[in-house]
Amino acid sequence: MEQIFAPWRIDWVERDPDEKTIDGCPFCVLPEHDADRESRIVARSERSFALLNNYPYNPGHLMIIPHRHVGEYAALTRAELLDHARLKQVAIDALHDGLEPDGLNMGMNCGEGAGGSIGDHLHTHIVPRWEGDTNFMPVIGETNVIVEAVDDTYERLHEGFAAQPGAIVEDTETAVAFEFDLAVDDDTA
């Protein structure tokens with residue numbers, strides 16, 4: 001019998017759901033910390049940031065989040081919408097460069113009824129997928145097996161983001177920055 005070792009999951013299993021570890025919206029508070037690696041913010045743009053999920057469905061599970069606290073997709077300004085979309089494009093390239101997945105699942109939970117744990121601050125999930133990554137565990141055992149520690153994934157994705165055109169790399173402790181030209185004069189990328 002093979003053993004599954006995922007020690008970081010114990011924090012999620014044993015957490016007190018009533019205990020708040022961050023005062024306020026985590027998507028508003030985390031970018032204000034001066035510790036991108038510790039906060040798991042792997043990339044930033046003017047209006048959005050890419051955050052590794054602490055309790056991922058798969059290694060590399062990212063969330064692209066607007067800086068402004070906004071819960072409705074239609075409430076994004078044009079600049080926020082475009083910046084969010086551009087950072088998603090860069091994140092997809094960084095995931096392919098850093099982790100080489102076979103595919104990606106992308107989506108967002110909008111509103112409390114959609115099942116997201118943070119329903120009032122919009123965020124888009126990007127989950128890397130590999131052929132054969134789903135097996136009997138989630139189907140029969142109702143358990144997900146994550147094969148890589150989030151800190152190791154941060155390192156690989158930081159390198160993936162750093163390799164993208166226009167990346168501004170300060171150091172390995174700070175999120176990779178991007179300054180997008182948000183002019184919408186034409187259809188070029």
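User: Which strands does helix α6 lie across, and at what angle does it run to β1?

Analyst: Helix α6, residues 150-162, lies across β1, β2 (48-52), β3 (62-66) and β6, and runs at about 20 degrees to β1. Helices (H or I, at least four residues) and strands (E, at least two) are runs assigned by DSSP and numbered from the N terminus. Axes are lines fitted to C-alpha atoms, for helices over the stretch in contact, and angles are taken between N-to-C directions on a scale from 0 to 180 degrees. Please keep in mind that this is a predicted model, in which local features need pLDDT of at least 70 and side-chain atom pairs count only at pLDDT 80 or more, while totals for chains, interfaces and linings use all residues. Residues are numbered from 1 along each chain as its sequence is written, and side-chain values use heavy atoms, with hydrogens and water left out.

User: What makes β4 and β6 the edges of the sheet?

Analyst: The sheet is open, with 6 strands in the order β4-β5-β3-β2-β1-β6 and mixed pairing. β4 (103-107) and β6 (176-177) each have a single partner strand, so one side of each is left without a neighbour in the sheet.

User: How do you know that β1 pairs with β6?

Analyst: Two strands pair if DSSP finds at least two bridges between them. Strand β1, residues 41-44, is joined to β6 by 2 bridges, and the two strands run parallel. Alanine 43 has valine 176 as its bridge partner in β6, and arginine 44 stands opposite alanine 177 in that strand.

User: In what sense do β1 and β2 pair, and over how many bridges?

Analyst: β1 and β2 pair in the antiparallel sense over 3 bridges, and a hairpin joins β1 to β2 through 3 residues. Alanine 43 takes part here too, with alanine 50 as its bridge partner in β2.

User: What makes the crossing of α4 and α6 parallel, perpendicular or oblique?

Analyst: The axes of helix α4, residues 78-99, and α6 come within 7 Å and cross at roughly 120 degrees. Contact, meaning heavy atoms within 4.5 Å, is made by residues including Val90, Ala94 and Leu95 of α4 and Thr153, Leu157 and Phe161 of α6.

User: Why is the pair of phenylalanine 178 and phenylalanine 180 given the name it has?

Analyst: Rings of Phe, Tyr and Trp (its six-membered ring) pair if their centres lie within 6.5 Å, and planes under 30 degrees apart count as stacked, over 60 as edge-to-face and the rest as tilted. The centres of these two rings are 6.0 Å apart and their planes are at 15 degrees, so the pair is called stacked. The structure holds 2 aromatic pairs, and ring pairs link Phe161, Phe178 and Phe180 into a cluster.

User: How do you know whether phenylalanine 178 is buried or exposed?

Analyst: Buried means under 20% relative accessible area, exposed means over 50%, and partly exposed is in between (1.4 Å probe, protein chains only). Phenylalanine 178 has 3% relative accessibility, so it counts as buried, and phenylalanine 180, at 15%, is buried as well. Buried residues make up 38% of the 189 residues in the protein chain.

User: How is tryptophan 130 classed by accessibility, and why?

Analyst: Tryptophan 130, in the loop between β5 (124-129) and α5 (136-139), has 23% relative accessibility and therefore counts as partly exposed. Leaving aside neighbours within four places in sequence, tryptophan 130 is in contact with Asn58, Pro59, Leu99, Glu100, Pro101 and Asp102.

User: What is to be noted about phi of glutamate 100?

Analyst: Most residues other than glycine have a negative phi. Glutamate 100, in the loop between α4 and β4, has a phi near 55 degrees, a positive value, and with a relative accessible area of 60% this residue is exposed. Arginine 40, in the loop between α3 (36-39) and β1, also has a positive phi, near 70 degrees, but at 17% relative accessibility arginine 40 counts as buried.
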